[in-house]
Amino acid sequence: MIESETEIMSEPERSSPELMEAARELQAAEHDAQVAFDCIALGEIDRAHTHALTSRVAVDAAVTALAAALTKADQLAQPAQLAQPAQLAQPTQLAQPTQLSVEAEAVAGSEADAS
């Protein structure tokens with residue numbers, strides 16, 4: 001059975017607004033599916049059809065909310081994939097200022113020759 005909303009809200013570290021919305025939509029879908037089932041038993045086919053469609057829409061909304069939660073989780077995981085300070089270039093690996101000025105003069109000289 002689906003956790004009640006109070007159980008979800010009591011665990012904010014596990015819950016997000018997207019997950020709470022998905023849970024609400026799935027509860028609505030469950031209710032509408034049960035109503036559609038009961039309407040079929042009563043012979044009210046038009047009403048059963050309406051509730052079956054409403055249930056399907058609620059399931060689609062839950063899927064959308066879950067996709068949003070997954071996207072959010074992926075975005076939160078991205079900073080962990082950045083380079084660690086030990087992986088960054090060490091000062092000895094960087095070009096020295098004299099090397100940069102020689103390269104800049106060479107580029108400037110080649111631009112002057114071209115014009």
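**Contacts along the chain**

What share of the protein's contacts with a separation of 6 or more comes from residues 24 or more positions apart? Such residues account for 57% of these contacts, where contact means heavy atoms within 4.5 Å.

**Basis of the report**

This is a predicted model, in which local features need pLDDT of at least 70 and side-chain atom pairs count only at pLDDT 80 or more, while totals for chains, interfaces and linings use all residues. Residues are numbered from 1 along each chain as its sequence is written, and side-chain values use heavy atoms, with hydrogens and water left out.

**Fold and surface**

The protein contains 4 helices and 0 strands, and its pattern along the sequence is α-α-α-α. Helices (H or I, at least four residues) and strands (E, at least two) are DSSP runs, numbered from the N terminus.

Of the 115 residues, 16% are buried, that is, under 20% relative accessible area with a 1.4 Å probe and protein chains only. The protein exposes about 8,900 Å², of which carbon and sulfur atoms supply 61%; accessible areas come from the Shrake-Rupley method with a 1.4 Å probe, and for residues only the protein chains shown count as cover.

**Ser 16**

Ser 16 is located in the loop between helix H1 (5-9) and helix H2 (17-42). With a relative accessible area of 15%, Ser 16 is buried. Leaving aside residues up to four places away in sequence, Ser 16 touches Ala 69 and Lys 72.

Note on methods. Buried means under 20% relative accessible area, exposed over 50%, partly exposed in between (1.4 Å probe, protein chains only).
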